Amino acid sequence: MRRVILAVLTAAAPAAAQQPRQLTEADYARAERFLGVHTARLVTGVPGPPTWLEDGRFWYRTTTASGVEFIMVDPARRTRAAAFDQTRLASALTSATGNRVDPARLPFQSFDLSKDGRRMIVTANGRRWTCDVAQYRCAPEAESMERERATYPAPPNSVTSPDGKYAAHIRDFDLWVRDLTTGQDRALTTDGVEDFGYATNNAGWIRSDLPVLLWSPDSRRIATFQHDARGVGEMYLVSTNVGAPRLEAWRYPLPQDSVIFRIHRVVIEVEPVPARVVRLAMPPDQHRSTISDHVAEGSRFLDVQWYPDASHVAFVSSSRDHKYAVLRVANASTGEVRDVLEERSPTQFQSGFAGVGLPNWRVLPTSNEVLWWSQRDDWGHLYLYDLGSGTLKRQITSGPWNVAELMHVDEKERALYFTAVGRETGRDPYFQHFYRVRMDGRELTLLTPENSNHNISLSPDAEYFVDTYSTPTTPPVRVLRRSSGRTVLALEKTDISRLLATGWKAPIPVVVKARDGRTDLYGLMFTPSRMDSTRSYPIVNYIYPGPWGASVGTRNFSPSRLDHQALAELGFVVVTIDGMGTEWRSKSFHDFYYGNLGDNTLPDQIAGMRQLASRYPGIDISRAGIWGHSGGGFATAAAMFRYPDFFKVGIAESGNHDNRNYEDDWGERFHGLLARKEGADNYESQANQLLARNLRGKLLLAHGAMDDNVPPYNTYLVVDALIKANKDFDLIVFPHQRHGFGTDTNYMMRRRWDYFVRHLMHAEPPTEYQIGRQ
């Protein structure tokens, strides 16, 4: 019956034979109301991340109907109360700043609290203020410093020592510290030069003025490196302006380069004065980590751990192709280095999930052991090694599931606390739960039983944890639990009643089979809230192909995911499917298209979309579109070129269309080192421009001309190939924008809606609708 209906619809109302339907400004305005900027206002009791204090308490922000409330929780007393009197503080800030402050919308999101709890430091109107929360009086921080002899402010882009005495920062390629008790600066190094500076934060695709380093626990030493960019190629961008353009140039290694960034590891003794630089007795490492395509997360030096007594520093050296990693320990005083253990992989090794962002290995000098994370049995598990000999003592966790984040090691009780995915049968394998296990592998205990995705914040002493759990379809609940898992205090229950009253509905979780017909894939489907059972709807696939990250995104609740529901409201079915080749499942699942980045999970997307169309008669699979940004832009163009009979419309934003034109670390981790043979190389198979001649549908390309992550030349290669192939296509270049389009985001969104409406729905959009006026 369904086939007959679709046949009648196709025969009776072919899009090309009828006058195009006209969408109105009212249609777009209604869709716009489903964007996050509008839906978030209708949700209350949304808790922010907890901030733990030294006395064991913690505070967080939560949304209310009128704004935001700051909450203070005392686990020991089992109390939840207002963190301070927001009305009185607003009055004090109004008097101090001269500008009216709304108590429900205080002009700060965080604050620093003094140890006695009487003073808090906040930032308002571009200045820092010290507020007495007993008398509720505020004064500029500088004035309060003079009265109370408080510490001096840290310089911009600095990293403060654990004891709060020093702030390390970069000046003229050298590393400096400011003594925050005196305000005096002094140089820790003196031989830094351009392209060979200390603690330089540059991975090519991302740059920062923050130094990359790790302070020792006693605040007397710093582990960092001299960043060797000598001989590394440059990337260039040119500004658009009246008069001569400005050239932006910086070091940016590519996969075909023989020389990439290297790091010469050092330990700097900050105390005693003068500082002493200890160079580790080893060749420089390749600029690689086991968890990222950078050696830093913000300022944090990845894959580095200090011994508690600061006598030694442990670190992992990774090969350029990520197939080999070795754990090493260096004597912080002499620079002597010894190897502890190594790991090899036929594809690429990582010590955890990039979605978590931190390695899962730990050195335990007290017991002379190492905790190590490996996917050697196809799943991410914890292993215990001898720190002295490097021999394996035992595998701690096992089974067809993954340890996601090792959050705490209780060395006294020999217990580990960690999040994991995929262990609880019958649940979404991407849901994270919290567990405890003994280091001998016994007594594995689930601490968060609810069938949800759990976000954990563990107290510094690991006696308590805050558990915020939700699903894509159910709003968050926050509770305080003991480390045993027992609930101590209910904290928040998010209210979406006002959101539901608008006609909002949650996305539909879907499970489809992958290209192999066996593997389950998980996704979300977004349908119009006023879906007409007599109509057929074009289907749009939003794609991010991985190998890090994926299409669905977080499994937490969100009232809006990008513009998926807004686009659905215009008359589309929108789907996101996490295909094979993405994280959080088995190692073989993640490595599925290793060495073949051009795969982009596209066969899985097509298989899944066809299955959904067979289940839901309202989906018109003959009108299939696709869009994505960055890696998703790469995948979108590949979809239009590789599967032109299936995908009719594509919008490719900021795509890395040829990974020979993108940063070295990404391609070399997932596609392998570039190898040339007989005038060709192994990267040609993934290059979109070499397939551009296959385009038959409608393709819109977009890129920021100042994109310093994925340089715009990636898109220009495709443009050039399309022109040479005499193909019609559309192009938007944002002259001043970086990778994410910045202030032009809404313009791109509107053009995206228009493109799908015009070419996939075969209707007419309203003329130059402006998103953001509501």
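Biologist: In the hairpin of β42 and β43, which residue takes a positive phi?

Modeller: Gly 517 does, with phi near 75 degrees, and the hairpin has six residues between the strands. This is a predicted model, in which local features need pLDDT of at least 70 and side-chain atom pairs count only at pLDDT 80 or more, while totals for chains, interfaces and linings use all residues. Residues are numbered from 1 along each chain as its sequence is written, and side-chain values use heavy atoms, with hydrogens and water left out.

Biologist: What pairs with β43 in the antiparallel sense over five bridges?

Modeller: That is strand β45 (residues 573-578). Met 525 stands opposite Val 575 in β45, and Met 525 also faces Ile 508.

Biologist: Why is strand β43 called largely enclosed?

Modeller: Buried means under 20% relative accessible area, exposed over 50%, and partly exposed in between (1.4 Å probe, protein chains only). Six of the seven residues of β43 (residues 520-526) are buried, so the strand is largely enclosed by the rest of the structure.

Biologist: Why does Ser 529 count as partly exposed?

Modeller: Its relative accessibility is 21%, and the partly exposed class lies between the buried and exposed limits, so Ser 529 belongs there. Ser 529 is in the loop between β43 and β44 (537-542).

Biologist: What is Ser 529 in contact with, leaving aside its neighbours within four places in sequence?

Modeller: Contact means heavy atoms within 4.5 Å. Ser 529 is in contact with Arg 30, Phe 34, Gly 503, Lys 505, Gln 565 and Glu 569.

Biologist: Which residues of helix α2 are buried?

Modeller: In α2 (residues 25-32), the buried residues are Tyr 28, Ala 29, Arg 30, Ala 31 and Glu 32. What covers them includes α3 (36-39), α7 (564-569) and α13 (745-759).

Biologist: What makes a set of residues a nonpolar core?

Modeller: Its members are buried Ala, Val, Leu, Ile, Met, Phe, Trp, Tyr and Cys residues joined through side-chain atoms within 4.5 Å. The largest such core has 61 residues, and those with the most contacts inside it are Leu 371, Leu 416, Phe 418, Phe 641, Phe 647, Leu 699 and Leu 722. Helix α10 (residues 631-642) gives this core its largest share, six residues. Apart from it lies another core, of 41 residues, among them Ala 29, Phe 557, Val 757 and Tyr 769.

Biologist: What is Phe 647 in contact with, leaving aside its neighbours within four places in sequence?

Modeller: The list is Ile 606, Met 609, Ala 624, Gly 625, Ile 626, Ala 639 and Met 640.

Biologist: Which residues form a nonpolar patch on the surface?

Modeller: They are Tyr 236, Val 238, Leu 247, Tyr 713, Tyr 716, Leu 731 and Val 733, with about 590 Å² of accessible area together. At least two of the patch residues come from each of β19 (234-238), α12 (713-724) and β51 (730-734).

Biologist: Why does Leu 731 count as partly exposed?

Modeller: Leu 731 has a relative accessibility of 38%, and therefore counts as partly exposed. Leu 731 lies in strand β51.

Biologist: What makes the phi of Arg 78 worth noting, at about 60 degrees?

Modeller: That phi is positive although Arg 78 is not a glycine. Arg 78 sits in the hairpin of β4 and β5, which has four residues between the strands. β4 and β5 run antiparallel and are joined by four bridges, with Asp 74 opposite Thr 79 in β5.

Biologist: Is Ala 199 buried or exposed?

Modeller: Ala 199 is buried, because its relative accessibility is 0%, whereas Arg 78, at 46%, is partly exposed. Ala 199 also has a positive phi of about 60 degrees although it is not a glycine, and its place is in the loop between β14 (196-198) and β15 (201-202).

Biologist: What is the omega of the cis peptide bond from Glu 271 to Pro 272?

Modeller: Omega is near 0 degrees. A cis peptide bond also joins Val 273 and Pro 274, with omega about 0 degrees. Pro 272 is found in the loop between β21 (262-269) and β22 (276-279), and Pro 274 is in the loop between β21 and β22 as well.

Terms used. Pairing = 2+ DSSP bridges. Patch = residues over 30% accessible without salt bridge, like charges linked within 9 Å, V, L, I, M, F, W, Y side chains within 5 Å. Areas by Shrake-Rupley, 256 points an atom, 1.4 Å probe, with all protein chains shown as cover. Salt bridge = Lys/Arg side-chain N within 4 Å of Asp/Glu carboxyl O.
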